[in-house]
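Keep the structure in view while reading.

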Amino acid sequence: MTVASCGDTDDSSSAASGTSGGGTLTVFAAASLTETFTALGRSFETAHPGVKVRFNFGGSSALAQQITQGAPADVFAAASPATMKTVTDAGDAAGPPQVFTRNRLVIAVPANDPGRVGKIADLSRPGLKIVLCAEQVPCGAAAKKALGAAGVTVKPASQEQDVKAVLTKVRLGEADAGLVYRTDAKAAGAQVKGIEFAESAKAINDYPIAQVAKAPRPALAKEFIALVLGGQGKDALARAGFESP
């Protein structure tokens, strides 16, 4: 889990006062949205002087659990409808979630590709160290579905709690390969190589976003969601490699 803020100043007094001109907007978002949402958060702050956007990035299942247990949040953006359903079923969403983007998996390997991985079937080769997301998080559920569609059995060396943890192990050479989202491989640049595979089409994840029912800043939450759903949000997501819903 990563907690990040787009601003650097302490705005506790303005947040406590509840003034419309300042305060903190808290967004819980899937780890795979880190780069895109951080950039959108900066744009939001520019358009709302005095407002600071604070992000809690992590595995969607863990974030959903935090919300249902009462963690203060204004917006939740999940990497799958199933994890969003945890929040809506608990009555913790202010309205119906809206799908704003989609993502698919690629095989990520270190830049020098020591395992010589070229296709999905290679992940079952003995001796390779493969890292996947845990099945309870969206990237893990997608990996299980994609591997099943390919008829490939993998015994992972580890199962991580979010996609960034998988990517980090691959990037550092602690794994020969891992299944991550296309967007995460792209964000890593030359540090990793992303290998497309046909079966990823069988496990595309829809990303829903919703205002949290007890949002401390409901007006700002609505405006942030509008930013994500609007042209600027769509453009930023497309540049990152996300797909239109």
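Sorted by class, the residues that line the largest pocket are 8 nonpolar, 4 polar and 3 charged. The model is a predicted one. In this model the largest pocket holds about 170 Å³ of space. Its lining is made up of 15 residues, and those nearest the centre of the pocket are Ser80, Pro138, Ala141, Ala142 and Asn205. Two elements, helix 4 (81-89) and helix 5 (138-150), each give two or more residues to this lining. Helix 5 supplies the largest share, with 4 residues.

Searching the whole structure for cavities of 30 Å³ or more turns up 1. The largest cavity contains about 70 Å³ of space. It is lined by 13 residues, with Ala31, Ala79, Cys139, Val163 and Tyr181 nearest its centre. By class, the cavity lining has 8 nonpolar residues, 4 polar ones and 1 charged one.

The rest of the account concerns helix packing. Two packed helices are described by the angle between their axes and the distance between the axes.

From helix 3, the residues in contact are Ser60, Ser61, Ala64, Ile67 and Thr68; from helix 4, they are Thr83, Thr86 and Val87. This contact has 5 polar and 3 nonpolar residues, and no charged ones.

Helix 2 (residues 34-47) comes next, with helix 9 (residues 231-240) as one partner: their axes come within 10 Å and cross at roughly 150 degrees. Because angles over 145 degrees count as roughly antiparallel, helix 2 is roughly antiparallel to helix 9. The crossing of these two helices is right-handed. On the helix 2 side the contact is made by Thr36, Leu40 and Ser43, and on the helix 9 side by Gln232, Gly233, Ala236, Leu237 and Ala240. Of the residues in this contact, 4 are nonpolar, 4 are polar and none is charged.

Helix 2 also packs with helix 8 (residues 218-229), here at an angle of about 125 degrees and with the axes 11 Å apart. Helix 2 and helix 8 are therefore oblique to each other. Their crossing is right-handed. Phe37, Leu40, Gly41 and Phe44 of helix 2 meet Leu220, Glu223, Phe224, Leu227 and Val228 of helix 8. The class count for this contact is 7 nonpolar, 1 polar and 1 charged.

How values were computed: Residues numbered from 1 in each chain as written. Predicted model: local features only at pLDDT ≥ 70, side-chain atom pairs only at ≥ 80, totals over all residues. Heavy atoms only, no water. Axes fitted to C-alpha atoms, helices over the stretch in contact; angles between N-to-C directions. Parallel < 35°, antiparallel > 145°, perpendicular 65-115°, else oblique. Left-handed = near helix turned anticlockwise from the far one by under 90°. Contact = heavy atoms within 4.5 Å. Nonpolar A, V, L, I, M, F, W, Y, C, P; charged D, E, K, R; others polar. 1 Å grid on protein atoms, 1.4 Å probe; cavity = no way out; pocket = protein on both sides within 12 Å on 5 of 7 lines; lining within 4 Å. Points joined across faces, edges and corners; volume = space filled by probe spheres on them.
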